[in-house]
Amino acid sequence: MKTFDVQIDGETIQAYGATSVGLLWVHADGKTFTIETEKRSRRGKTPGGHANPGEVVSPMPGKIIKLMTEVGADVKAGQALLVMEAMKMEYTLKASADAKVSTVDCEAGQQVTLGQCLIRLEV
Amino acid sequence: MTLSDPTSNQNAPPTSGAAQSAAPSTFTGVRPKIMTLAIANRGEVAVRIIHACHELGIKTVLLHSEADVGTRAFRMADKKICIGPAPTAESYLLIDRNVQAAKEAGADAIHPGFGFLSENADFADAVEKAGLIFVGPRSETIRALGDKISAKHLIEKSKVPTVPGYMGADQSVETLITHAEKIGYPVIVKAAAGGGGRGMKLLRSRQDAQELIPSAQREALSAFGSAKVFLEKYLDRAKHIEFQVFGDGTGRCVHLFERECSVQRRHQKIIEEATAANLKPELRDQMAKAAVTLAETAKYRGAGTVEFLVQDDHFYFLEMNTRLQVEHPVTELVLGVDLVKAQILTAQGTFQIWKQDDLRPRGHSIECRIYAEDPYNRGLPSTGELIALHWPEGPGRRFEVGFDAGDVVTAHYDPMIAKIIVWDEDRDRAIRKMLQVLNETVIFGVRANLPYLKAILSHPEFMKGAMTTQFINSYFPEGLEPLELTPRQNKIAEALKSLVSRSGTPVSLGNSDPHVLNTKSSPWRGHWRSV
């Protein structure tokens, strides 16, 4: 794979680069990172992206194992809301801000898809 | 439970046709030569097995699911048979489907890889019944050693210490609490029908025991269909040390020294090495002896691994795995052997097993498992098209890779996409080499755990070799802190924007955004076009 030579502050740096939809992938100085190259509409919270604190969205296809909250409950930032399972591992989804649970749109045992809204919070 | 002696005819299983010479009871070392081998597995291990077959002049058949069409193993195999849709329960785990497909493709033998059906005694039986050779131990060996409780009883007979515990039939809460106190806190309660690290609870006091034992029983019943639990002393600063063993099926067994796999996250190994970082020679000798004795007792055939926990200069038998393990390459590199070729040759009865004295480890080897996950977001799995891949080849560097650039990583399977293995003259050099290789490796299109691996390898406790199975919990409980780009990185990215042209992404795959994978699009359709 070929590298590009870029000039930064008088220094020539070799970097790898490639684009996919909306993202530029860069590898330089031994590290890989991405930057957005265009505005994309997002469906609620995405991994590493800006969170829409009002919606707790499934980050991947999987199955809900356990709900740890209910409608009307007050939750604190970082509090566990539910446990889901995908790719042989369990993940705990947490509240991103202090909030009140306004709706719970899933139940234990349910298969969910990527981006599916699971819980709505009133921040 | 006794392990049957294959050289006696007493317990000969019924055989027919071509299976005659493959039947354990008539094993004389002379078997039909394998001309075609079917691989009942996927990913980098399928590629590994294909490599061994190429070197032995054996034709390959890949038994794959619909989701694994766009993969390296698929492209490398001589014949490909689709055995079902993506979900493992509808493809890779179906015994009859795999056996039928292998037979129809004209295979003489099946290699089960690891995971999936590799330790399923019924599968080994079905393969042999169909007249094919199973590359692995005899089914009765798998059965005897796969049952974790019976394996423990078996090794206790050879006076090898096991993790102290209680496995009795009396499941009343009072009895369990009494035994927990006898063992001495901390104690783990495990579901007898469980596995893979699930359904375990830690008891640190009588109060914990009173509260958590009934809860563990309830959860065991609902998760695994059986409320039966057993207790084990919790070794909270143990090293995971395992011995590779190999047997030719007639009783001749050797050990291929040990590997250390203490760096684990939720019981899933991340980094493994050979030989162990700091292991006293006396302990090594004792464990090696125990491992070989167990294998000899079973007249073990093929590759196996005996796992131990080592704490405070004491070792305890944990379990035996009757299959090839993911981390086998580190053993291969310090000893200069090929375990997969050895497995295949053993299966066809033409393997001259190594002499124990000829096996002498040199240098140090480390393996890192490359997972498609976001290390800055608690290891959340990442899926999408692999836009670009660069594996930096060089002396002492080995790459076991399941995908090429352009392939799509899906959410159906284990997120391990590759393994990077290095060898160098000593452990310090091996660590530095691995850090260098990780710096030079490029994976575009999905998030990968390379930064996480680098942080672990650079940690003082790891560098000293003092890590225990508590290492990840203690130092990386939530993975890595979210990433902030430096000004320099932003400048590099801006400069690159104008230089890099858009990559030619196949339109039918939808977008290749790692954050938003269109799960309705079929990888089959997308890659049909690029083929």
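**Labels and their criteria**

Mentor: Strand β12 (residues 268-274) of chain B and β15(B) run antiparallel and are joined by four bridges. Keep in mind that this is a predicted model, in which local features need pLDDT of at least 70, side-chain atom pairs count only at pLDDT 80 or more, and totals for chains, interfaces and linings use all residues. Residues are numbered from 1 along each chain as its sequence is written, chains are lettered from A and ligands numbered from 1 in the order in which they are written, and side-chain values use heavy atoms, with hydrogens and water left out.

Trainee: What makes β22(B) a partner of β15(B)?
Mentor: Eight bridges join β15(B) and β22(B) in the antiparallel sense, and Ile366(B), for instance, has Val422(B) in β22(B) as its bridge partner.

Trainee: Why is β15(B) described as mostly covered?
Mentor: Buried means under 20% relative accessible area, exposed over 50%, and partly exposed in between, with a 1.4 Å probe and protein chains only. In β15(B), residues 364-371, eight of the eight residues are buried. His364(B), Ile366(B), Cys368(B) and Ile370(B) point one way, while Ser365(B), Glu367(B), Arg369(B) and Tyr371(B) point the other way. In a regular strand the side chains alternate between the two faces of the sheet.

Trainee: What makes helix α10(B) largely enclosed?
Mentor: Seven of the eight residues of α10(B), residues 328-335, are buried, so the helix is largely enclosed by the rest of the structure. Among the buried ones are His328(B), Glu332(B) and Leu335(B). Just after α10(B), Gly336(B) takes a positive phi of about 70 degrees.

Trainee: How do you know that Ser65(B) is buried?
Mentor: Ser65(B), which lies in strand β2 (residues 59-65) of chain B, has a relative accessible area of 0% and is therefore buried. Leaving out residues up to four places away in sequence, Ser65(B) touches several others, including Cys82(B), Tyr92(B) and Tyr413(B), where contact means heavy atoms within 4.5 Å.

Trainee: Why is the pair Glu44(B) and Lys419(B) called a salt bridge?
Mentor: A salt bridge is a side-chain nitrogen of Lys or Arg within 4 Å of a carboxyl oxygen of Asp or Glu, and the N to O distance between Lys419(B) and Glu44(B) is 3.0 Å, so the pair qualifies. Glu44(B) lies in helix α1 (residues 43-56) and Lys419(B) in strand β22 (residues 416-424), so the pair ties together parts of chain B that are 375 residues apart in sequence. Both Glu44(B) and Lys419(B) are buried.

Trainee: What makes Lys497(B) and Glu494(B) a salt bridge within one helix?
Mentor: Their closest N and O atoms are 3.4 Å apart, and both residues lie in helix α16 (residues 487-499) of chain B, three residues apart, about one turn of the helix. An α-helix has 3.6 residues a turn, so residues three or four places apart point the same way. Lys497(B), at 33% relative accessible area, is partly exposed, and Glu494(B), at 47%, is partly exposed as well.

Trainee: How do you know that Arg120(A) and Asp105(A) form a salt bridge?
Mentor: The N to O distance between the side chains of Arg120(A) and Asp105(A) is 3.7 Å, which is within the 4 Å limit. Arg120(A) lies in strand β12 (residues 117-122) and Asp105(A) in the loop between β10 (99-104) and β11 (111-112), so the pair ties together parts of chain A that are 15 residues apart in sequence. Arg120(A), with a relative accessible area of 36%, is partly exposed, and Asp105(A), at 34%, counts as partly exposed too.

Key:
Helix = DSSP H or I, 4+ residues; strand = E, 2+ residues; numbered from the N terminus. Pairing = 2+ DSSP bridges.
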